[in-house]
Amino acid sequence: MRRRVLVTGVGVVSPIGIGREAFGAALREGRSGIGPLTRFDARDGPCRVAAEVRGFDAAAFIDPREARRMDPVDHYAVAAARLALADAGLVVTDANRGRIGLVLGTALYGVQFGEAQHAVFRAAGLRRVSPYTAIAIFPFSPIGFVSIALGITGWSNVITSCAASGADAIAHARDAIEAGTADVMIAGGVEAPLSPTILRGLDAAAALSRGAHSRPYDRGRDGFVLGEGAGLVVLEAEDHARARGARADAELLGCGTANGPYDSGGLGIDYDTAAEAVAAALEDARCRPGDVDLVSANAASEVENDRLEAALIGERYGGACPPVTSIRSMVGQTLGASAGLQAAASLFAIREGFLPPTINYETPDPGCLVRSLVTQGRAAPVRRVVQHSFGYLGTQSVLVFGAAA
Amino acid sequence: MTTRRIVVTGVGSVASCGVGREALRAALRGGRSFVRPLTRFDASSYPSRIAAEVDGFDPASFMDPDDAERIDRSAQFAVAAAVEAVRDSGLVLPGADPRRAGVSIGIAAGCMTSCEDHLFRQDRGEPDLATGGFYTRIAASSASAVVARHLGLRGRTHTLSTGCTTGTDSVGYAFQQIRAGRADVMIAGGTDAPIAPLAYGCFAIIRAMSTRNEDPESASRPFDRDRDGFVLGEGAGVVVLESLDHALRRGAPVYMEVAGYGTTLNAHHMTAPPPDGREMARAIAMALDDARVNPAGIEYVSAHGSSTPLNDAAETTALKRAFGDHARRLWVSSIKSVIGHTFGAAGGHQAAAAALAFRDGLVPPTVNLRDPDPACDLDCVPGAPRPRRLGAMLQNACGFCGKNAAIVYRRFDAA
């Protein structure tokens, strides 16, 4: 008998809002998080827009002296983790800290700090490089900073599988609870990739939207808009949650992952692999296609990948396609944070009984049709959400969340 | 329901001691270190100028040169070690069902060699990586992805990246996937190519690395009174993990059984371990518990033994805490004394070395241990390897961010 894994809290730092409530309000309203790139002078660069986190005050979550030693990805991770724990109403104590763990997914981790310090190094030599570089630029950083901030000592890992990272992190966190090595796991994804080099590189790979928009499935889609943020959920063993009277609107029902071929640029999604991941997740969740109330799609406004996903959804659900929406229309492509933000959106949909819209959808593409695409947000009971987090470089992952009984 | 058992059936390695498993085997009994003056970039102004570099590595001997061109050095190492490990195992991959074989090769530094190269070129106005294969070269998941692609595997392919515990976590993760029935075969371990100006330099400036530049061969000296920091290395250590049933059915040679995995966080400090070793001891206890092995059943510990003043003493304390009186009977050695600290690959190299220790009945020494620190007063197998028919051992790791990880290995005897 598998130990049931409930979701008792969520923490969000996103381009459309900080905190569960603000994020939910933005989803309801269909707010766009895409705007001018302000993080650095982008005038000479190929790309002028991004989905930036706005109004984020690191000092609200972290001592400013500590914050200087971290990359923005660590700021987002600590903030989202604090928000998640507070949302769960969970206090860390000596008695429970060893049973509370942390698994994070990230694709590009401390790239901003790394790029900035490399520039310092080139200009002024090693002696001017920040002494905090070694703790800020590698993928391990966020679990270190979060665990110290929260005082948690339980099971942990960092998984990096491009845009599937957050889903793989959540799946691994679930395993820790099911195995009995943890009672509570904070899990999801974090990303702060808005660096000049990353944008230039993605642009050279023709991945970014030249039209400066995020319009999943739309005929005018021409690439993604890069975004940033952190989405973390608190996964909790049912017995533990009940014992402390925690509120849980949702449950993690299933996880599926598959690996397959990828093209030479690494940014294409393989149809069969994605379909396999969907099938594996539904099977793991014991969820039939007819049970699904919402598909939280991967679609990030990419020409080919959106098309493949539309076809996949059509094939999986046939004529009885559940509502489909892509929050990447609002938050852009947040890579490793994607699945975490999607999870927050899935939880919103379940809790509020509301389907968030796919915004910017103006012109259907006959070759990329999703007949049940949600273009206007609307109330509807949501008991099962399937979320697609199709990574690059071969790994595709899917999660299924359900309403907690 | 019987729990699945997992064994190691193949070993591959690329390290400063040479390319290949035999080079590692010879090095672990050879009694000397492979740390040398750093040559991969101009480190003449650095406080530390030594490293455990891989020399004479030709990716074209392992893969198509055009494919090799599109990936980072760390991914090239991973392919080489993975190919060797698979060949060693006798497995014909992808096998009957490619979805039952996956990859878990971790990396700690990320693709720093390529990233830094890219940034330097950009700065000089030269053609940079963005002109072809940008993402495949810089993504930390590229090593696992490329190995899966090269071998035609479609099973779960994930990359863990947890600093110095990466390799240990990656092997532990792979072990868990097979045990859960999600795979029959996992190519597991770690890789890293962090000997690049800033990647190496960021450790130099915080004095984490040895500055014994005038005597490189004796710089990596875990548990020794005169240790003064780790020496960064590069390479990949890969093992083939296989479900026991799968291995027995095909009559595979088994090196050892992987029996348990545990991990904890210190929640103390980003670089310094807490002196009481409490959470490291708990990770060890977790691994022992997972393996259903008694502390007294462990004979040998492949230590983290990074050769930093703080780590080696704290690790000794933690081992005493985890093993009590039995700690005095343990043999404890660090292969970092031979091949340096290979960062993301360290746990993979430890796994490879452990497999060889079981196979050869020979426990590797801690080299350069001439004057043991009184704070490191366990039996650290100084200088020379020791014969022992191992029953059970522990692989231990810890690192920046305060993570601790441990794996228990057990002898497997075919009935």
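1. Helices here are DSSP runs of type H or I with at least four residues, numbered from the N terminus. In this predicted model, B:Phe77 belongs to one such run, helix H3 of chain B, which covers residues 73–89.

2. Once neighbours within four places in sequence are set aside, the contacts of B:Phe77 are B:Val14, B:Thr191, B:Ala193, B:Gly235 and B:Ala236. As for B:Ala15, a C-alpha to C-alpha distance of 8.9 Å separates this residue from B:Phe77, although the two are 62 residues apart in sequence.

3. Concerning nonpolar packing, the largest nonpolar core comprises 310 residues. The residues with the most contacts inside this core are A:Met185, B:Ala78, B:Ala82 and B:Val239. Helix H3 of chain A, residues 72–88, gives the most to the core, namely eleven residues.

4. B:Val239 may be examined individually. Apart from neighbours within four places in sequence, B:Val239 is in contact with B:Val8, B:Gly10, B:Val11, B:Ala85, B:Val171, B:Ala188, B:Gly189, B:Ala351, B:Ala352 and B:Ala355.

5. Turning to the contact between the chains, 54 residues come from chain A and 59 residues from chain B. On the side of chain B that touches chain A, two or more residues are given by each of several elements, among them helix H4 (112–124), helix H7 (166–179), strand E8 (256–265) and helix H10 (278–291) of chain B. H8(B) provides the largest share of that side, six residues. By class, the side of chain B that touches chain A holds 26 nonpolar, 23 polar and ten charged residues.

6. Within chain A, the domain assignment places domain 1 at 5–243 and domain 2 at 254–403. The C-alpha centres of domain 1 of chain A and domain 2 of chain A are 20 Å apart. Their contact draws 63 residues from domain 1 of chain A and 60 residues from domain 2 of chain A.

7. The side of domain 1 of chain A that touches domain 2 of chain A receives at least two residues from each of strand E1 (5–14), helix H1 (20–29), helix H7 (165–178), strand E7 (184–191) and strand E8 (229–237) of chain A. H7(A) contributes the largest share of this side, seven residues. The side of domain 1 of chain A that touches domain 2 of chain A divides into 30 nonpolar, 21 polar and twelve charged residues.

Key: Residues are numbered from 1 along each chain as its sequence is written. Chains are lettered from A and ligands numbered from 1 in the order in which they are written. This is a predicted model: local features need pLDDT of at least 70, side-chain atom pairs count only at pLDDT 80 or more; totals for chains, interfaces and linings use all residues. Two residues are in contact if their C-beta atoms, placed from the backbone, lie within 7 Å. Ala, Val, Leu, Ile, Met, Phe, Trp, Tyr, Cys and Pro count as nonpolar, Asp, Glu, Lys and Arg as charged, and the others, Gly among them, as polar. A nonpolar core is a set of buried Ala, Val, Leu, Ile, Met, Phe, Trp, Tyr and Cys residues joined through C-beta atoms within 7 Å. A residue is buried if 20 or more other C-beta atoms lie within 10 Å of its own, exposed if 12 or fewer, and partly exposed in between; C-beta atoms are placed from the backbone. Domain bounds come from an automatic or database domain assignment.
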